[in-house]
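Me: I would like to go through some of the labels used for this model and see what each rests on.

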Amino acid sequence: MAAWASPTTAVADVGAPPADTQSFRLGWLAFWMSGTLVSFIVVALSVRTLSDHLNAFEMMSIRSAGGLLILLAMALLRPELARSIRVRHMRLQLTRNVAHFGSQICWTIAIMMLPLATVFALEFTIPAWVTLLAVLFLGERMSLTRAAALAVCLVGVLVILRPGLEAFQPAALVLIVGALLFAIAAVITKKLIVTEATFSIMLWMNLMQLPMNFAGSDPLFVLRLDLSMALPIAGLACAGLAIHYCLANAFRYGDATVVVPMDFLRVPLIAVIGWMLYGEHLDVFVFAGAGLIVAGVLWNLRGEAQRNGRIERANARLRAPAIQPAE
C-alpha cells in the first residue's frame, strides 16, 4: 500500500533556497519518486505473476521473510541500525502490524482480482481515511476544508466504483477495507515515530507479520517454489522494502503537495502496463475518479499547510523579544 499516506513530515527550508539548490532538490525528488513508481509497479506485477502458484498469505510470507533478511543484513553492515531497535510500546507495535497485515492481504487479493489501474486509483483514498481517523482518535479538529476534501474524495470513489451499475466490482470493496486498515496503521505510526526509529518500526513490522502470513499459508508451500519464480520473488521482497525507502527520501526533498501529484503518475503508468500485458480496459471513470481523489487530498494538504503556517507565525510573534522602552 501507498506509504506516503503515513504521516511523514518533509524537512522544511527556512526562506527561499537559491535556484541551484532548488534544482538539486528537484533532481533528487524526481530520482526518488521514480524509484517509488518502479517499486510499486514491480510489486504489483510480481503478485500477478505469482498468483498462479501462491495465495495471498504465501506471497506476503515471502515479502515479510525477504524484508526481514534484507533488514538483518543492513543491521550487520551498519551496527547503528541494530542499536536503534527498541523493545517498547510492543502493544502499539502489535496493533499497528495487525492492521497493516490486514491491509496487505486485502491489497494482494485486489491485485489478483481487479484491474491494476483500479487498485492504484483506490489506494489514493488512504489519506482521506487517515484524516478521518486522526479526527476521531487523535482529537484533531474537523475543519471545513477537511470536510470538503473528504467529500471530494468520496465522490471520486463513487465515480470509480459506480455502485448499482453493471460496471460495479464487489472485489473493490476489499481494497476499500484494506485502505481503511492501512490508514489505521498510519495513524498508529504517527504515534510511534515520535519515539521509535524507522528501522525499528520496519523490523518489527516484518518480524510480527511473518507468522501472521504463514498462518494462512500451506506449511509446505516453499516446496512449490522453483527457479522460474525467482524473479517475481526477488521483486516482491526487494521492491516491497524499496517503496518505503524511496518515498521516505522523496519527502526529504519535497513536501506532500509535490510528492502526491508525482505519485499519481502510478495510475496512468499501471493502466498502460495492464492494457499491454493483461488486456485490461482503459477505463476513463478510473482516471476521473482518481483525479477527484487526488484533488481532495491536495486540497486538504494545502489547507493543513496554511493552518500550520498561521500557527508558526503566531508562535514566532509570541517568541519575539519585547521592545524595550527608551531610557
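Me: Which residues does Ala75 touch, not counting residues up to four places away in sequence?

Reply: Ala75 touches Leu81, Ala82 and Phe199, where contact means heavy atoms within 4.5 Å. This is a predicted model, in which local features need pLDDT of at least 70 and side-chain atom pairs count only at pLDDT 80 or more, while totals for chains, interfaces and linings use all residues. Residues are numbered from 1 along each chain as its sequence is written, and side-chain values use heavy atoms, with hydrogens and water left out.

Me: Why is Ala75 called buried?

Reply: Buried means under 20% relative accessible area, exposed over 50%, and partly exposed in between (1.4 Å probe, protein chains only). Ala75 has 14%, so Ala75 counts as buried. Ala75 belongs to helix H2, residues 56–77; helices are DSSP runs of H or I with at least four residues, numbered from the N terminus.

Me: Why does Arg307 count as partly exposed?

Reply: The relative accessibility of Arg307 is 34%, and therefore Arg307 counts as partly exposed. Arg307 sits in helix H13 (residues 284–319).

Me: What makes Leu282 partly exposed, and where is Leu282 found?

Reply: Leu282 has a relative accessible area of 41%, so the label is partly exposed. Leu282 is in the loop between helix H12 (266–278) and H13.

Me: How far apart are the C-alpha atoms of Ala75 and Ile85?

Reply: These C-alpha atoms are separated by 9.8 Å, and the two residues are ten residues apart along the chain.

How values were computed
Helix = DSSP H or I, 4+ residues; strand = E, 2+ residues; numbered from the N terminus.
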